Amino acid sequence: MSMMSTIGRFGAAIQSARRAAQSERMLNRLPPEIQKDIGWPAPEHGRRHATLAIYMSPDR
């Protein structure tokens, strides 16, 4: 694997993690009634920190 493809994969993983975090923040800003209606769980602290590790796993 070349260095450029590794950097590209890392950049794509960061972008994907950023989009996921952005979506999570948007859903967390919804009123609690709507969150409950769509089945969105209560926010968990520390969840966002694990997101990048999920996107960087080699099986993705």
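This is a predicted model: local features need pLDDT of at least 70, side-chain atom pairs count only at pLDDT 80 or more; totals for chains, interfaces and linings use all residues.
I7 is partly exposed, since its relative accessible area is 46%, where partly exposed covers the range between buried, under 20% relative accessible area, and exposed, over 50%, with a 1.4 Å probe and protein chains only. Residues are numbered from 1 along each chain as its sequence is written, and side-chain values use heavy atoms, with hydrogens and water left out.

Let me turn to the overall picture. The protein has 3 helices and 0 strands, in the order α-α-α along the sequence, with helices (H or I, at least four residues) and strands (E, at least two) taken as DSSP runs and numbered from the N terminus. Of its 60 residues, 12% count as buried, and the accessible surface comes to about 5,000 Å², with 61% of it belonging to carbon and sulfur atoms; these areas come from the Shrake-Rupley method with a 1.4 Å probe, and for residues only the protein chains shown count as cover.

I7 sits in helix α1, residues 3-29. This helix of 27 residues reaches 39 Å from its first C-alpha to its last, close to the 39 Å expected at 1.5 Å a residue, the expected span being 1.5 Å times one less than the number of residues. Buried positions in α1 are A13, A17, A21, E24 and L27.

What kind of surface patch do M3, M4 and I7 form? The patch is nonpolar, and together the three residues have about 370 Å² of accessible area. Patches are made of residues with over 30% relative accessible area and no salt bridge, with nonpolar side chains (Val, Leu, Ile, Met, Phe, Trp, Tyr) joined within 5 Å and like charges within 9 Å; a salt bridge is a side-chain nitrogen of Lys or Arg within 4 Å of a carboxyl oxygen of Asp or Glu.

R18, R19, R25 and R29 form a positive surface patch. R18 lies in helix α1 and is exposed, at a relative accessible area of 56%.

Finally, A42 belongs to the loop between α2 (32-38) and α3 (51-55), and at 58% relative accessibility A42 counts as exposed. A42 and P32 are 10 residues apart in sequence and 8.9 Å apart in space, C-alpha to C-alpha.

Conventions
Lys and Arg count as positive and Asp and Glu as negative; His and the chain ends are not counted. The place of a charge is taken as NZ of Lys, CZ of Arg, CG of Asp or CD of Glu.
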